[in-house]
Amino acid sequence: MATPKRSYDQQVKNSGMINNMQSPRRDEREEEMSRSVLAMFKSKEEEIERRKLEVRDKVHAHLGRVEKETQRLAEIRQEIEGFTDPMRKDVAMVRKKIDMVNKELKPLGLTCQKKEREYNEALEAFNEKNKEKAQLVTKLVELVTESERIRMKKLEDLSKNIDTLH
């Protein structure tokens, strides 16, 4: 049994309406190009997802280390205050720097999570539009096939009428 695409191609050839610009080879090349672009997009999408997870893991690991170091420095500071060490000012300065870095890291983590949500929403919208496109293409093929069938039937009827006149 012929597939809808083959049936359509045969009907177009039979009706003499085929155009060199819309040959099956061109359709195959366009489909191959579409598959190639889709494969490249999926590959890049996977690479982005992998890198995003790596960055997120690094940020979380770094946050954990910073928090541990902050606690450790607090303990050291308490010990230093007990000894009135001459390095007390240096330790306080380093602690302030650590606190500043920690404050900068928190918004970055939130930004990372926000971008991840935006990415997922955009991906979902893309997939929905792609599905909609596929449905529309299917509907178009059905409509064109039905139109060609009706035209062929009318041509056959007209041919019969002409034959009966002669």
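Leaving aside neighbours within four places in sequence, R95 touches T70 and R77, where a contact means heavy atoms within 4.5 Å. You'll find R95 in helix α3; helices here are DSSP runs (H or I, at least four residues), strands are E runs of at least two, and both are numbered from the N terminus. R95 counts as buried because its relative accessible area is 19%, and the cut-offs are under 20% for buried, over 50% for exposed and partly exposed in between (1.4 Å probe, protein chains only).

A quick word on ground rules: this is a predicted model, so local features need pLDDT of at least 70 and side-chain atom pairs count only at pLDDT 80 or more, while totals for chains, interfaces and linings use all residues. Residues are numbered from 1 along each chain as its sequence is written, and side-chain values use heavy atoms, with hydrogens and water left out.

Zooming out, the protein has three helices and zero strands, in the order α-α-α. Of its 166 residues, 13% are buried. Among contacts with a separation of 6 or more, 72% join residues 24 or more positions apart.

Now for charges. Side chains of opposite charge can pair when their charged atoms come close. The structure holds 12 salt bridges, each being a side-chain nitrogen of Lys or Arg within 4 Å of a carboxyl oxygen of Asp or Glu. Here are some of them:

| Pair | N to O distance |
|---|---|
| R35 and E31 | 3.2 Å |
| E54 and R50 | 2.4 Å |
| R95 and D99 | 3.6 Å |

R35 and E31 sit four residues apart in helix α2, about one turn, and E54 and R50 are spaced four residues apart in helix α2 too. R95 and D99 are about one helical turn apart because four residues separate them in helix α3. Salt bridges with shared partners also link E47, R50, R51 and E54 into one network.

What about the surface? M33, V37 and M40 make a nonpolar patch with about 300 Å² of accessible area together, and areas come from the Shrake-Rupley method with a 1.4 Å probe, counting only the protein chains shown as cover for residues. Patch members have over 30% relative accessible area and no salt bridge; like charges are joined within 9 Å, and nonpolar side chains (Val, Leu, Ile, Met, Phe, Trp, Tyr) within 5 Å. M33 belongs to helix α2 (residues 24-83) and is exposed at 53%. E118, E121, E124 and E128 form a negative patch.

Conventions
Lys, Arg positive; Asp, Glu negative; His and termini not counted. Charge placed at Lys NZ, Arg CZ, Asp CG, Glu CD.
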